[in-house]
Amino acid sequence: ALQPVYKSSGVSGMTQPVVLFDGTDRLNTASFTTMTQPFTLAIVAKSTSGITINSPMGDNSANYVGLSARNDGKWLMYANGGSLTTAGSTTTWSVIVAVFNGASSFIYINGTKTAISCGTGSFASGAAIGAWHSTLDLFSGYVGDAVGWSGGMSDANAAAACADLQTVYGL
């Protein structure tokens, strides 16, 4: 009932299989249980919704860490008390690599870098893919890939990860 749908083909604009979230489902995972800053999140996603915030990846507790699609059509990177609404369109396929490192944080969206200062939140009890916090702001859209690394990537490595995901997904 809460499981997203695997789509092996037939998704417009995508050359790889993806997972469809319909706004009622999510994937909770414990693999990020003890990930504290600095850390890096990467996701390939496209939103199909216009709700205030709908999150393709977030913390599975009340730490408020993750990436969200906003109804103004922009991506939001957030971590306890700091956030940035970035450029980029949530309604087209996006490759996002976000490095969470407090005041030294930055995000790449489709190869364009934006430096930001975000809060110091961490993943305390697992990640929710397709939701902001377990059952809040469930995502409507597609996710092609979602990856987390313990440790902040360098600028060069984040740019390379973004470029690699763009190549793999034909974006």
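1. Buried means under 20% relative accessible area, exposed means over 50%, and partly exposed lies in between, using a 1.4 Å probe and protein chains only. T90 has 1% relative accessibility, so T90 counts as buried.

2. A word on the basis. This is a predicted model, in which local features need pLDDT of at least 70 and side-chain atom pairs count only at pLDDT 80 or more, while totals for chains, interfaces and linings use all residues. Residues are numbered from 1 along each chain as its sequence is written, and side-chain values use heavy atoms, with hydrogens and water left out.

3. The overall make-up comes next. The protein has one helix and 13 strands. Both are DSSP runs numbered from the N terminus: helices are H or I with at least four residues, strands are E with at least two. Along the sequence the pattern reads β-β-β-β-β-β-β-β-β-β-β-β-β-α.

4. Now burial and surface. Of the 171 residues in the protein, 48% are buried. The protein exposes about 7,100 Å², and carbon and sulfur atoms supply 51% of that. Accessible areas come from the Shrake-Rupley method with a 1.4 Å probe; for residues, only the protein chains shown count as cover.

5. Contact means heavy atoms within 4.5 Å. Take the contacts in the protein with a separation of 6 or more: residues 24 or more positions apart account for 64% of them.

6. A nonpolar core is a set of buried Ala, Val, Leu, Ile, Met, Phe, Trp, Tyr and Cys residues joined through side-chain atoms within 4.5 Å. The largest one has 21 residues. Those with the most contacts inside it are L41, I43, L67, M77, I96, F100 and I107. At least two residues of this core come from each of β4 (39-47), β6 (65-70), β7 (75-79), β9 (94-100) and β10 (106-109). β4 gives the most, with four residues. A second, separate core has 18 residues, including V44, Y142, A161 and C162.

7. Back to T90. This residue is found in the loop between β8 (82-85) and β9. Leaving aside neighbours within four places in sequence, T90 is in contact with K46, S47, A69, R70, G73, K74 and W75.

8. V18 lies in strand β2 (residues 18-22). With a relative accessible area of 1%, V18 is buried. Neighbours within four places in sequence aside, V18 is in contact with V5, Y6, K7, V11, W93, Y142, V143 and G144. V18 and G141 are 123 residues apart in sequence, and their C-alpha atoms are 10.0 Å apart in space.
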